[in-house]
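Here are some exercises to work through with the model open beside you. Try each task before you read its solution.

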Amino acid sequence: MTVEQASMAQGIGPLSRINLYAARKVLRRADLVTVRDRESQLALAGLRVPVSADAALLHDLGGPAAPQKPDGLRFLFIPRESRSKEFGEKLSRALENFCAKHKAELRVTEFQPLSQEGIRRALEEIRAADLVVSMRLHG
């Protein structure tokens with residue numbers, strides 16, 4: 001099958017009713033459409049679109065991924081800047097408790113790198129993780 005028009009790993013919404021109508025009308029014309037989350041899939045109900053990963057994760061980074069930690073999970077947290085010191089402290093305690101309970105190694109990375117090297121490092125961290133939690137809307 002030759003795919004001439006594709007829209008991959010799209011996040012749909014929140015959209016007004018008229019914009020959702022327009023998006024659905026345009027996406028119906030594509031040969032292939034995938035979305036990045038269940039909410040986007042539900043927004044496009046009736047189009048039968050699968051949920052898929054971001055295609056950037058398929059990029060060959062050249063070299064092996066970081067070795068997996070043998071005695072527990074590798075947990076990656078991608079924060080969003082918070083101006084609330086209290087929230088940051090509560091979040092830190094929750095992450096520490098989770099990691100202690102599940103014998104997880106906690107890694108934290110920003111996902112707004114401006115250089116090619118920063119992008120490569122962020123993708124390596126994501127690939128090496130067993131669990132990724134992101135506070136960013138688009139991870």
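Before we start, one definition: helices (H or I, at least four residues) and strands (E, at least two) are DSSP runs, numbered from the N terminus. Also keep in mind that this is a predicted model.

**Exercise 1. Find where Arg48 lies, then decide whether it is buried or exposed.**

Step 1: Look in the loop between helix 2 (38-43) and strand 3, and you'll find Arg48 there.
Step 2: Check its relative accessible area, which is 81%. Exposed means over 50%, so Arg48 is exposed.
Step 3: Now the backbone. Phi of Arg48 is near 55 degrees, a positive value in a residue other than glycine. Most residues other than glycine have a negative phi.

**Exercise 2. Explore the loop between strand 1 (6-10) and helix 1 (17-27).**

Step 1: Most peptide bonds are trans.
Step 2: Leu15 has its place in the loop as well. With 40% relative accessibility, Leu15 counts as partly exposed.
Step 3: Setting aside neighbours within four places in sequence, Leu15 is in contact with Leu20 and Ala23.
Step 4: Leu15 and Ala43 are 28 residues apart in sequence, and their C-alpha atoms are 9.2 Å apart in space.

**Exercise 3. Which residues make up the largest nonpolar core?**

Step 1: Pick out Ile12, Leu27, Ala30, Val33, Val35, Leu44 and Val49; these 7 residues form the largest nonpolar core.
Step 2: Another core, of 5 residues, lies apart from it and includes Phe77, Leu95, Cys99 and Ala104.
Step 3: Back to Ile12: leaving aside neighbours within four places in sequence, its contacts are Leu20, Leu27, Val35, Ser40, Ala43 and Leu44.
Step 4: For background, nonpolar side chains tend to be buried together in soluble globular proteins.

**Exercise 4. What is the strand order of the open sheet of 3 strands, and which strands stand at the edges?**

Step 1: The order is 4-3-5, and the pairing is parallel.
Step 2: Strand 4 and strand 5 each have a single partner strand, so they stand at the edges, with one side of each left without a neighbour in the sheet.
Step 3: From one strand to the next, the twist averages 20 degrees.
Step 4: Strand 3 and strand 4 pair over 4 bridges, and Phe75 stands opposite Leu106 in strand 4.
Step 5: Helix 3 packs on the sheet and touches strand 3, strand 4 and strand 5, its direction making about 165 degrees with that of strand 3. Helix 4 lies across these strands too, at about 135 degrees to strand 3.

**Exercise 5. Why does the span of helix 3 (residues 85-102) agree with what it should be?**

Step 1: Helix 3 has 18 residues, and at 1.5 Å a residue they should span 26 Å.
Step 2: The end C-alpha atoms of helix 3 are 26 Å apart, so the two agree.
Step 3: Lys103 follows helix 3, with a positive phi near 50 degrees.

Definitions and conventions: Residues numbered from 1 in each chain as written. Predicted model: local features only at pLDDT ≥ 70, side-chain atom pairs only at ≥ 80, totals over all residues. Heavy atoms only, no water. Expected span 1.5 Å × (residues − 1). Core = buried A, V, L, I, M, F, W, Y, C linked by side-chain atoms within 4.5 Å. Buried < 20%, exposed > 50% of the residue type's maximum accessible area, 1.4 Å probe, protein only. Contact = heavy atoms within 4.5 Å. Pairing = 2+ DSSP bridges. Axes fitted to C-alpha atoms, helices over the stretch in contact; angles between N-to-C directions.
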